[in-house]
Amino acid sequence: MAQIIVPSNIFLTLIIVAAAVAGYVEAQSPSTSEVSVADIVTPEFFNGIIGQADASCAGKNFYSRATFLEALKSYDQFGKIGSIDDSKREIAAFFAHVTHETFHFCYIEEIDGPSKDYCDESNTQYPCKPNKGYYGRGPIQLSWNPNYGRAGESIGFDGLNSPETVANDPIISFKTALWYWMNSVRPVIGEGFGATIRAINGALECDGGNPATVQKRVKYFTEYCNQLGIAPGDNLTC
């Protein structure tokens with residue numbers, strides 16, 4: 001097929017126009033590299049969550065904005081995705097799940113966790129160790145031996161032999177939440193909040209498994225989106 005020859009003067013004009021449009025778009029849509037998570041997760045925002053936990057909660061003296069920001073140094077791409085509104089949505093989604101999982105930062109460990117079996121014996125790469133429990137711990141309630149093993153390798157602690165580290169070290173605790181988020185949740189964030197629910201606890205909650213719990217997560221998410229001045233987007237449930 002013959003090519004269409006464009007006169008050079010017209011071609012140059014098109015280049016100039018395209019460059020001008022690109023410059024306008026860039027000016028109108030700031031790069032997410034300019035986003036400061038600390039400026040979004042303000043003391044007021046963080047304290048508005050943990051402040052709802054009862055004074056007797058173990059998490060009140062464990063979780064803090066300072067430890068979150070310290071852990072964030074190892075995951076500096078968190079909250080920097082797409083537009084600034086997209087970044088705020090990711091932050092709102094993360095804290096919505098954390099709020100639900102820990103009941104406003106009240107719990108460090110899963111209720112009745114030691115009585116539950118989270119040992120995947122079929123996983124030989126990260127085998128369960130005697131007398132160790134791999135139940136939910138930390139902001140995202142890290143569970144199962146493969147997750148403890150992988151998180152430990154990535155972060156730098158012995159997740160299989162010392163899973164309790166997640167409940168004893170607040171910085172490592174937040175790092176496990178961010179590790180799980182960036183590896184298992186971030187890849188689906190563009191599909192809507194519902195996809196993040198599926199990535200975290202879909203087997204138990206999605207497809208009619210526990211619609212009441214799904215709605216609780218959505219409630220927190222929309223609440224935090226409102227606080228940050230953004231729309232929650234579509235596909236909120238699973």
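Me: At which residues does UniProt place the feature "domain: Glycoside hydrolase family 19 catalytic"?

Reply: The unreviewed UniProt entry places it at residues 57-79 and 172-182; such annotations may be inferred rather than shown by experiment. The model is predicted, local features need pLDDT of at least 70, side-chain atom pairs count only at pLDDT 80 or more, and totals for chains, interfaces and linings use all residues. Residues are numbered from 1 along each chain as its sequence is written, and side-chain values use heavy atoms, without hydrogens and water.

Me: How much helix and strand do residues 172-182 hold?

Reply: Helices are DSSP runs of H or I of at least four residues, and strands are E runs of at least two, numbered from the N terminus. Residues 172-182 are 100% helix and 0% strand, with end C-alpha atoms 15 Å apart. Residues 57-79 are 35% helix and 0% strand, and their end C-alpha atoms lie 28 Å apart.

Me: Where is Asp-120 placed?

Reply: Asp-120 is in the loop between helix H5 (84-102) and helix H6 (145-155).

Me: Why is Asp-120 classed as partly exposed?

Reply: Buried means under 20% relative accessible area and exposed over 50%, with partly exposed in between (1.4 Å probe, protein chains only). Asp-120 is partly exposed because its relative accessible area is 27%.

Me: Which residues is Asp-120 in contact with, leaving aside its neighbours within four places in sequence?

Reply: Contact means heavy atoms within 4.5 Å. The partners of Asp-120 are Cys-128, Trp-144, Asn-145 and Pro-146. Trp-144 is 24 residues away along the chain, yet the two C-alpha atoms are separated by 6.8 Å.
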